[in-house]
Structure formats: structure tokens, C-alpha cells
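I opened the model to look up a few backbone angles, the pairing of the strands and the packing of the helices. The entries below follow the order in which I looked.

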Amino acid sequence: VISFAGSGKTTTLKLCAKRRSDRGMYMAFNKAIADEAKLKLATTRCGATTMHGLAYGVMREVMGQPARINAKTLLESGLMEKHRPPIIKGWGAYRIAAAVTRTMVAFSNSADQEILPQHALEAIMESVGDPELVVGDDLKRKAEEAIRFLTTPLVELATAYWVRCIEDGAYSHDMYLKMLDLDEGLRQDAFGRLKYLMVDEAQDINPVQRSILLKTGLPIIAVGDPYQQIYSWRGAENALQLMRGEELYLTQSFRFGGEI
């Protein structure tokens with residue numbers, strides 16, 4: 001459903017939930033929106049939560065509180081000494097460790113099933129820029145050198161640290177959400193009792209969230225406004241264009257006065 005500003009998307013979703021007698025879930029973008037939706041859907045059999053809230057609910061027993069996964073914790077793990085990444089001018093241990101954890105974040109936000117060179121490449125270019133776009137021969141050379149020598153070591157280190165974190169039961173917010181994408185049993189625990197999903201602000205969900213939703217096999221009502229996409233910098237994609245299904249529109253805005 002393509003829903004423009006003030007066109008009543010929340011009201012429409014509420015009416016959809018009221019028409020159904022089976023159990024559903026309204027997936028909201030953040031906790032504040034989810035809490036507000038719970039009140040509006042109180043008379044229906046449709047609950048409301050965030051994707052992270054749903055994932056944490058089924059992961060809580062194995063992970064406890066979300067862990068901090070960063071350059072400091074990686075350096076303290078001893079994996080850097082074991083894997084010995086190459087020595088490159090301008091790339092000290094802390095900078096490499098930060099790139100490793102950014103590689104893990106890139107993987108967590110993707111729909112991929114394993115850590116790949118493209119995730120390391122994303123992390124490196126976040127630090128040095130895209131060699132095709134940076135201005136200046138020296139910067140271009142440094143970016144190309146980092147990509148050539150660090151891509152494979154970053155993938156190996158990120159994979160090793162991912163395994164170590166899971167063994168220790170240490171999951172960041174990105175990691176425990178990714179587990180919902182990787183583990184069919186966890187998805188069954190999270191979505192097994194539901195008969196349909198309603199996804200708000202679908203223009204701002206990222207690839208891993210879209211992958212999780214589609215893997216449930218449930219009927220989905222995805223609602224959003226492509227003109228209000230604001231989280232592309234965080235890996236969000238316009239899932240409204242990528243999810244197949246009947247396309248409907250809400251175009252009449254009720255937010256503004258007649259004179260305007």
C-alpha cells in the first residue's frame with residue numbers, strides 16, 4: 001500500500017485488523033510507534049512490536065542483555081594476534097578492529113547467509129572512501145591498497161569473531177536480529193502462531209528485515225511512502241518496490257486544511 005502523508009495508513013491498518021478474526025502482528029519501526037499501535041489495536045487480535053523486539057523475545061534465553069561488540073572488545077579477545085592482519089601504513093590495530101566490526105554490521109544488515117568480501121569492502125570504503133570517487137591520486141592509491149590487502153583478512157577476522165561471540169552468548173542488537181534471518185527454528189518461535197503481518201514504514205526496512213519477513217511465508221500488508229524514505233544511509237531499501245504483491249494506494253490527505 002503506497003500511502004502518502006496524512007492519508008490514514010494507521011487507520012486503514014486498524015480496520016484491516018478489525019476485519020480479521022485470526023492472530024496477526026503489526027511491525028512498527030520503533031518502540032514508541034509500537035506502543036502507540038498497541039493501544040489502537042487493543043480491540044483486535046493483532047499485536048504490535050518492533051522487529052528487534054520480536055527477535056529479542058526469542059533470543060533472550062540464550063543471550064541475556066545485548067552485548068557491546070566493538071573494536072575494543074575485539075582487541076581484548078586475542079583474535080587479532082591469532083589471525084595477524086597485514087601491516088599497512090595508516091592502519092593500526094584499532095582501525096583494523098573497527099573495520100572488522102563494521103564488516104559484521106554490514107553482514108548483519110544484509111540478506112546474505114555468510115560474511116562475504118562485499119561486507120568487508122563496505123567497511124573499508126566507509127573508512128577510506130570509494131577509490132572511484134575520492135579526489136586525489138594519493139587518497140585513491142591508499143583506498144585501493146586497503147581494499148587489496150585487507151578485504152580477505154577482514155572477512156576471516158569477522159567470521160572468527162562472529163563465531164566467538166555466539167559461543168560466548170554475546171549478541172549485539174544487529175546480531176540477534178540477524179539470527180532471526182539465519183535460524184529457521186527461531187523464526188518459527190517468533191512467527192509460528194501468527195497468520196498475517198502488517199509492516200508500517202516499509203520504505204525504511206533494510207535487506208535483513210525484508211528477508212526475515214519473506215521467509216515467514218505469511219501474508220504481508222506492507223505500507224509506506226517512498227517519498228518519506230529517511231534511513232537509506234543506514235542500509236534501508238525501499239522494500240515497497242522489492243516486495244511482490246497487489247499494489248494499492250491511499251492518496252487523499254486528511255492532515256491539511258481546505259484552504260491549503
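**Entry 1: a loop residue.** I began with Arg84, which counts as exposed at 68% relative accessibility, where exposed means over 50% relative accessible area, buried under 20% and partly exposed in between, with a 1.4 Å probe and protein chains only. Arg84 lies in the loop between α5 (79–83) and α6 (93–108), and its phi is near 50°, a positive value in a residue other than glycine. Most residues other than glycine have a negative phi.

**Entry 2: conventions.** I noted that this is a predicted model, in which local features need pLDDT of at least 70 and side-chain atom pairs count only at pLDDT 80 or more, while totals for chains, interfaces and linings use all residues. Residues are numbered from 1 along each chain as its sequence is written, and side-chain values use heavy atoms, with hydrogens and water left out.

**Entry 3: the whole chain.** I found twelve helices and six strands in the protein; helices (H or I, at least four residues) and strands (E, at least two) are DSSP runs, numbered from the N terminus. Of the 260 residues, 44% count as buried, and the C-alpha trace spans about 60 × 50 × 30 Å along its principal axes. Among contacts (heavy atoms within 4.5 Å) with a separation of 6 or more, 67% come from residues 24 or more positions apart.

**Entry 4: the sheet.** In what order do the strands of the open sheet of four run? I read the order as β3-β2-β4-β5, with parallel pairing, two strands being paired if DSSP finds at least two bridges between them. The edge strands are β3 (46–50) and β5, each of which pairs on one side only. Neighbouring strands are turned by 20° against each other on average, direction ignored; axes are lines fitted to C-alpha atoms, for helices over the stretch in contact, and angles run from 0 to 180 degrees between N-to-C directions.

Going through the pairs, I found that β2 and β3 pair in the parallel sense over five bridges, with Ala28 opposite Thr50 and Tyr26 bridged to Ala48. The chain crosses from β2 through helix α2 (residues 31–40) to β3, and this β-α-β crossover is right-handed, a term that applies if, with the strands pointing away from the viewer, the path from the first strand over the helix to the second runs clockwise. Four of the five residues of β3 are buried.

**Entry 5: strand β4.** Four bridges join β2 (residues 24–28) to β4 in parallel, and three join β4 to β5 (residues 220–222), again in parallel. Leu197 in β4 stands opposite Met25, and its bridge partner in β5 is Ile220. From β4 the chain crosses through helix α11 (residues 207–215) to β5, and this crossover is right-handed. In a regular strand the side chains alternate between the two faces of the sheet. In β4 (residues 196–199) I found both faces covered, with Tyr196 and Met198 buried on one side and Leu197 and Val199 on the other.

In α11 I listed as buried Val208, Gln209, Arg210, Ser211, Ile212 and Leu213; just after α11, Gly217 takes a positive phi of about 75°.

**Entry 6: helix α9.** Leaving aside neighbours within four places in sequence, Lys178 is in contact with Phe107, Ser108, Ser110, Ala111, Asp112, Trp162 and Val208.

The residues that make the contact include Met51, His52 and Tyr56 of α3 and His173, Tyr176 and Leu180 of α9. The residues of this contact divide into ten nonpolar, two polar and no charged, where Ala, Val, Leu, Ile, Met, Phe, Trp, Tyr, Cys and Pro count as nonpolar, Asp, Glu, Lys and Arg as charged, and the others, Gly among them, as polar.
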